[in-house]
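Please look over the sequence and the structure shown here, and then read the report that follows, which moves from a pair of helices to rings, and then to the chain as a whole.

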Amino acid sequence: MLILRKTEKFLRRQGKPLVNFVFKVGELFIFITQSIYNSLTPPFYGRNFLRQVIDMGFYSLPVVGLTTIFAGMVIALQSYSGFASVGAESMVASVVLISVTRELAPVLSALMVAGRIGAAMAAEIGTMRVTEQIDALTTLSTNPFKYLVAPRIWAGLLVMPLLVLIGDVIGIFGGYVVGVYKLGFNPANYINATLDELEALDITTGVVKAAVFGFIISLMGCYNGYKSKGGAQGVGEATTNAVVSSSILILIFNYIVTELFFSR
């Protein structure tokens with residue numbers, strides 16, 4: 001009898017985390033379904049959407065620009081030090097182009113935006129949740145998903161690709177600055193090498209990744225804020241969870257999208 005009780009306690013201790021995990025996954029799946037449905041059906045709140053576009057896009061330009069320009073500069077330096085040993089210095093421009101457009105611009109930009117915008121979304125919606133403002137919206141016959149979540153989802157989907165395209169240009173320019181003024185490349189040759197290597201697939205890959213990352217950032221920020229509870233401490237936990245979960249999912253889906261585009 002004692003053995004059965006100990007076995008039961010052991011199974012309960014082991015099963016509780018699994019049950020909680022499955023519950024969270026199901027809760028997230030339901031939230032995703034509701035978010036997508038309400039993002040595709042009227043009414044649409046254009047003013048809220050424009051505000052999110054400005055917050056996510058315009059105010060994120062400085063951090064995206066700084067991140068990508070220094071990423072391009074570092075890639076130019078590192079690739080030159082490697083290629084110089086085998087006499088392939090001319091490949092620096094190609095490596096900078098491919099690295100920035102396919103990986104560095106979309107991933108680094110998404111991580112920066114997740115830290116800035118994902119946290120802000122979770123904090124804003126979480127504060128509305130714990131202060132019962134979301135309940136007040138429901139009382140006033142306003143769907144919280146359409147009013148709060150849908151504008152952020154659309155903003156993430158549309159703004160992140162634009163940020164990444166700008167980041168591509170800035171990152172490649174950073175590589176150009178280092179290549180020409182630090183490493184001594186001929187400016188015309190460097191530009192020609194970059195243009196010769198440029199392919200539509202490189203840009204398309206980065207833009208698709210950016211759209212996926214934008215959706216993830218908006219979704220996790222809204223989800224963690226919407227489900228927060230417990231006052232100020234709960235809002236703080238929601239903010240942290242939004243940034244961490246967004247960052248992890250960005251890295252996971254970066255591999256998935258890369259596999260879809262470049263697997264053979």
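Predicted model: local features only at pLDDT ≥ 70, side-chain atom pairs only at ≥ 80, totals over all residues.

Two packed helices are described by the angle between their axes and the distance between the axes. For α4, which spans residues 92-130, and α8, which spans residues 200-226, the axes come within 7 Å and cross at roughly 20 degrees. Angles under 35 degrees count as roughly parallel, and α4 and α8 are therefore roughly parallel to each other.

## Aromatic rings

The count of aromatic pairs comes to 11. One of them joins Phe58 and Tyr59, whose rings are 5.4 Å apart from centre to centre, with 70 degrees between the planes, and this pair is edge-to-face. Planes over 60 degrees apart count as edge-to-face, which is the cut-off behind that description.

How exposed are the two partners, Phe58 and Tyr59? Phe58 counts as exposed because its relative accessibility is 56%, and exposed means over 50%. Tyr59, with a relative accessibility of 45%, counts as partly exposed.

Elsewhere, one aromatic cluster is formed by Tyr80, Phe173, Tyr176, Phe185 and Tyr190.

## The chain as a whole

Which elements make up the chain, and how many helices and strands are there? The chain has nine helices and zero strands, so that, because helices and strands are numbered from the N terminus, reading along the sequence gives the pattern α-α-α-α-α-α-α-α-α. Taken along the principal axes, the box filled by the C-alpha atoms of the chain is roughly 75 × 60 × 35 Å.

Of the 264 residues in the chain, 39% are buried. Glu27, which has its place in helix α1 (residues 2-40), is buried, with a relative accessible area of 19%; the cut-off that matters here is that buried means under 20%. Between the C-alpha atoms of Glu27 and Gly82 there is a separation of 48 Å, and these two residues are 55 residues apart along the chain.

How values were computed:
Residues numbered from 1 in each chain as written. Heavy atoms only, no water. Axes fitted to C-alpha atoms, helices over the stretch in contact; angles between N-to-C directions. Helix = DSSP H or I, 4+ residues; strand = E, 2+ residues; numbered from the N terminus. Parallel < 35°, antiparallel > 145°, perpendicular 65-115°, else oblique. Phe/Tyr/Trp six-rings, centres within 6.5 Å; stacked < 30°, edge-to-face > 60°. Buried < 20%, exposed > 50% of the residue type's maximum accessible area, 1.4 Å probe, protein only.
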